[in-house]
Amino acid sequence: MSSARSRIVTLTPAPAIDRVYFLDRMVEGHVNRATKVETYLAGKGINVARALSLAGNTATAVVPINAEDLELAEGSESVRNKVFKTVDVTAPTRVNAIIVDTEGATTNFNESATPLSGEKWHELCVSTLHEIQRVQADWLVLGGSLPEDLSTGREVDPGDLFRSAHRAGVSTCLDTSGEALKVWASAATPVDLVKPNREELADITGTQLRTMRDVVFAANMLRNRGVRTVLASLGRDGLVEVNQHEVLWARGPSAKVLNTTGAGDAALAGYLSALPHGSAAPYTRGVVCEALARAVAWGALAVQEPTTILPRVVLSPAGVSVSAPDPDYVLSR
């Protein structure tokens, strides 16, 4: 593998201020008192860029945020490390409440994405393409919810942005969910990497995922819609990659779960961190196996942390197996 690390630009059009409440145990319908509260700027693209920067990769997270909310997030690791470029907006940033108890249960209360004007969405896209050119990026990652375009009343359309990135020779990754993922699938806009979890993969393909055979079948449905590679995260059952050459299944040792929020972001960052700068796709099998091993390892590190901020990463993970999947393997419930 080349020693040159990957260069990634992420776009998070709907960032959030995460307010994390730590409890001994949450009791529904009762007053619950937090033992600790933490606040920081978050969102899929920010989480991915922050983790990538820990591994020495060049990573920039493009986000729309107003000055007041940016000041509130001044103490966050993402701000201190200057891993993102901001586009100023006047609307308040949404606030998500995350409840974490000592038994490992995580409960999220997420606000809807703050709408954007058509002009601000255009400004975000221009800023993103400028960062791609500035850092000579290998990848563009569009992460998280897509906000409503105030001009049309519909979710913003990333199609033109992805096509511009492709013309610049940049690979694209879509890491979103819900209606945004369904809209993309119906439009069949070409994309290099999609990272659904088990529920998202089942929802977008209209299939039931009981076995590994079902997962591979559903992933190939996405590939037939224009996806080069599908990276499906299956929780305790590991990760499955389906690309044009083969299917690989990565699993690691079990980990004690403190907080599941952000585990998928950490896994994606781990995967991208192993892809060398400037390499033409498709990558060799050795590169893909290393990327999958890091994805599993970083995801495992994330669930053992009380917040989505990873304090460290591992570049040479141990105890991760990567092999062809057993099609008859029954997925965990």
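**The sheet and a helix pair**

Mentor: Four strands make up an open sheet with mixed pairing, in the order β3-β2-β6-β7. Strands (E, at least two residues) are DSSP runs numbered from the N terminus, as are helices (H or I, at least four residues); two strands pair if DSSP finds at least two bridges between them. This is a predicted model, in which local features need pLDDT of at least 70, side-chain atom pairs count only at pLDDT 80 or more, and totals for chains, interfaces and linings use all residues. Residues are numbered from 1 along each chain as its sequence is written, and side-chain values use heavy atoms, leaving out hydrogens and water.

Trainee: How many bridges join β2 to β3?
Mentor: Seven bridges join β2 (residues 16–23) to β3, and the two run antiparallel. Arg19 stands opposite Thr39 in β3.

Trainee: Now the helices: at what angle do α4 and α5 cross?
Mentor: The axes of α4 (residues 118–135) and α5 (residues 159–167) cross at roughly 15° and come within 11 Å. Axes are lines fitted to C-alpha atoms, for helices over the stretch in contact, with angles from 0 to 180 degrees between N-to-C directions. Therefore α4 is roughly parallel to α5 (angles under 35 degrees count as such).

Trainee: Which residues make the contact?
Mentor: Cys125, Thr128, Leu129 and Ile132 of α4 meet Leu161, Ser164 and Ala165 of α5, where contact means heavy atoms within 4.5 Å.

How values were computed:
Parallel < 35°, antiparallel > 145°, perpendicular 65-115°, else oblique.
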